[in-house]
Amino acid sequence: MNLKSERRGIHVDQSELLCKKGCGYYGNPAWQGFCSKCWREEYHKARQKQIQEDWELAERLQREEEEAYASSQSTQGAQSLTFSKFEEKKTNEKTRKVTTVKKFFTASSRTGAKKGNFLLCF
């Protein structure tokens with residue numbers, strides 16, 4: 001039998017087993033080719049980066065929400081101001097109507113009529 005045919009199994013070169021970072025320790029496929037020490041460092045860096053990105057996103061969303069709230073408050077204030085002007089106009093109109101109606105039922109000095117004097121026409 002040939003020597004090559006007797007060798008069975010997986011053959012891996014020694015350099016393929018070493019840590020991807022080149023620290024000299026052996027890597028592990030479960031840790032994407034890093035040794036445990038380098039894996040923790042890489043994982044920690046990746047996690048810190050993700051935390052920073054999430055923090056920046058949260059700040060941006062908070063700013064946008066505050067700006068939207070502020071613009072809605074200014075719009076609401078303008079609507080409130082418009083409504084108060086409407087209320088003022090409505091009150092003035094109502095007062096003017098009441099005054100006009102009262103004029104119909106009170107004696108007028110222009111007609112020369114005095115209280116108690118009636119003109120009867122047949």
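Predicted model: local features only at pLDDT ≥ 70, side-chain atom pairs only at ≥ 80, totals over all residues.

**Entry 1: cysteines**

The cut-off I held it against is 2.5 Å between the two sulfur atoms. I also looked up Cys-23, which is in no disulfide either: the nearest cysteine sulfur, in Cys-35, lies 3.5 Å away. My count for the model therefore ends at 0 disulfides under the 2.5 Å rule.

Is Cys-19 buried or exposed? Cys-19 is buried, as its relative accessible area is 6%. Cys-23, with 39%, is partly exposed.

**Entry 2: overall layout**

I stepped back to see the whole chain. The protein has 122 residues, and 4% of them count as buried. I found 3 helices and 0 strands, so my one-line sketch along the sequence reads α-α-α. Two of the helices come up again below: H2 covers residues 14-17, and H3 covers residues 36-105.

**Entry 3: salt bridges**

How many salt bridges does a search of the whole structure find? The search gives 3. I went through them in turn.

Lys-21 and Glu-41 meet through their side chains, with 3.1 Å from N to O. This pair links distant parts of the chain, since Lys-21 sits in the loop between H2 and H3 while Glu-41 sits in helix H3, 20 residues apart. Both partners are partly exposed, Lys-21 at 39% relative accessibility and Glu-41 at 33%.

Lys-21 turned up again with Glu-42, where the closest N and O atoms are 3.5 Å apart. Here too I noted a link between distant parts of the chain: Glu-42 is in helix H3, Lys-21 is in the loop between H2 and H3, and 21 residues separate them. Glu-42 is partly exposed, at 26% relative accessibility.

Then I looked at Arg-60, which forms a salt bridge with Glu-64, the closest N and O atoms being 3.1 Å apart. What separates these two along helix H3? Arg-60 and Glu-64 are 4 residues apart, so about one helical turn lies between them. Arg-60 is partly exposed at 38%, and Glu-64 is partly exposed at 40%.

**Entry 4: surface patches**

Which residues form a negative one? I wrote down Glu-53, Asp-54, Glu-56 and Glu-59. Glu-59 belongs to helix H3 and is partly exposed, with 37% relative accessibility. Patch members must have over 30% relative accessible area and no salt bridge, and the value for Glu-59 is 37%.

There is a nonpolar patch as well, made by Leu-17, Leu-18 and Tyr-26 and covering about 270 Å². I placed Tyr-26 in the loop between helix H2 and H3. Tyr-26 counts as partly exposed, at 48% relative accessibility.

**Entry 5: a backbone angle**

My last stop was the backbone at Gln-32. What is phi of this residue near? Phi of Gln-32 is near 60°, a positive value in a residue other than glycine. Gln-32 lies in the loop between H2 and H3. Is Gln-32 buried or exposed? At 51% relative accessibility, Gln-32 counts as exposed, because the line for that label is drawn at over 50%.

**Recap for the next page**

Under the cysteine heading I left the tally at 0 disulfides.

Technical notes. Residues numbered from 1 in each chain as written. Heavy atoms only, no water. Buried < 20%, exposed > 50% of the residue type's maximum accessible area, 1.4 Å probe, protein only. Patch = residues over 30% accessible without salt bridge, like charges linked within 9 Å, V, L, I, M, F, W, Y side chains within 5 Å. Areas by Shrake-Rupley, 256 points an atom, 1.4 Å probe, with all protein chains shown as cover. Salt bridge = Lys/Arg side-chain N within 4 Å of Asp/Glu carboxyl O. Lys, Arg positive; Asp, Glu negative; His and termini not counted. Charge placed at Lys NZ, Arg CZ, Asp CG, Glu CD.
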